[in-house]
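Here is my note on the model, as numbered points. Please read it with the structure open.

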Amino acid sequence: MSPEARLAAYIDAFNRSDYAALCEFYAPDVRLVIGNGTELVGREAIVAFYKPVKAVTARTMVIRQCFHEGCVLAAELESEFLALTDLPDFLSGPMRRGDRRGHSSVVLYDFAGEHYTRIRAAVMHRTFTPAA
C-alpha cells in the first residue's frame, strides 16, 4: 500500500472510531504531538486521548492533500468537531450542543514499513460556528 493510500485508510479508521484498526497503523512506541503541543507516547496513550473526545463530539477529518518523500508523509488535513452535548471545558474552547469547531493543520507522519513512528501536527487555521 502506498503511503498516501495508507493515510486514507488511517483517516477512514479514525473517522469510524475504529480504535483497533487505528492501533494497527502505529508503531508500539509511536510519538504524537498534537496541535497544542501535547505529546502522547504509545498506541494506548493515543487511543486514551481520542476516545473521550470522540464520545462527546462527532469529529471527522478530511485529507486536502498529501505527498511523501522517503519515510515522511506530509498532509494538509481539515478537522471538524460537532458538539454532541454542552462542553464548557472542551480542549479547544467551550462549546454548546450543536456548535462546530474546525481547524486546518499540517501533519508530518514519519513511518517505518507499515507503521507510523512519529506524528507532528501544527494548526494553521481555526473556525467556530455556533449552533443555529
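1. Ser-17 sits in the loop between helix 1 and helix 2. Helices (H or I, at least four residues) and strands (E, at least two) are DSSP runs, numbered from the N terminus. Ser-17 is not a glycine, yet its phi is positive, about 55°. Ser-17 is partly exposed, at 29% relative accessible area. Buried means under 20%, exposed over 50%, partly exposed in between (1.4 Å probe, protein chains only).

2. This is a predicted model: local features need pLDDT of at least 70, side-chain atom pairs count only at pLDDT 80 or more, and totals for chains, interfaces and linings use all residues. Residues are numbered from 1 along each chain as its sequence is written, and side-chain values use heavy atoms, leaving out hydrogens and water.

3. The largest nonpolar core has 26 residues. Such a core is a set of buried Ala, Val, Leu, Ile, Met, Phe, Trp, Tyr and Cys residues joined through side-chain atoms within 4.5 Å. Those with the most contacts inside it include Leu-7, Tyr-10 and Tyr-109. Helix 1 gives the most to this core, five residues.

4. Which residues does Tyr-26 touch, leaving aside those up to four places away in sequence? They are Tyr-10, Arg-43, Ile-46, His-115, Tyr-116 and Ile-119. Contact means heavy atoms within 4.5 Å.

5. A second, separate core has six residues, among them Val-53, Phe-81, Leu-87 and Phe-90.

6. In helix 3, Ile-46, Val-47, Tyr-50, Val-53 and Lys-54 are buried. Their cover includes helix 1, helix 2 and strands 1 to 4.
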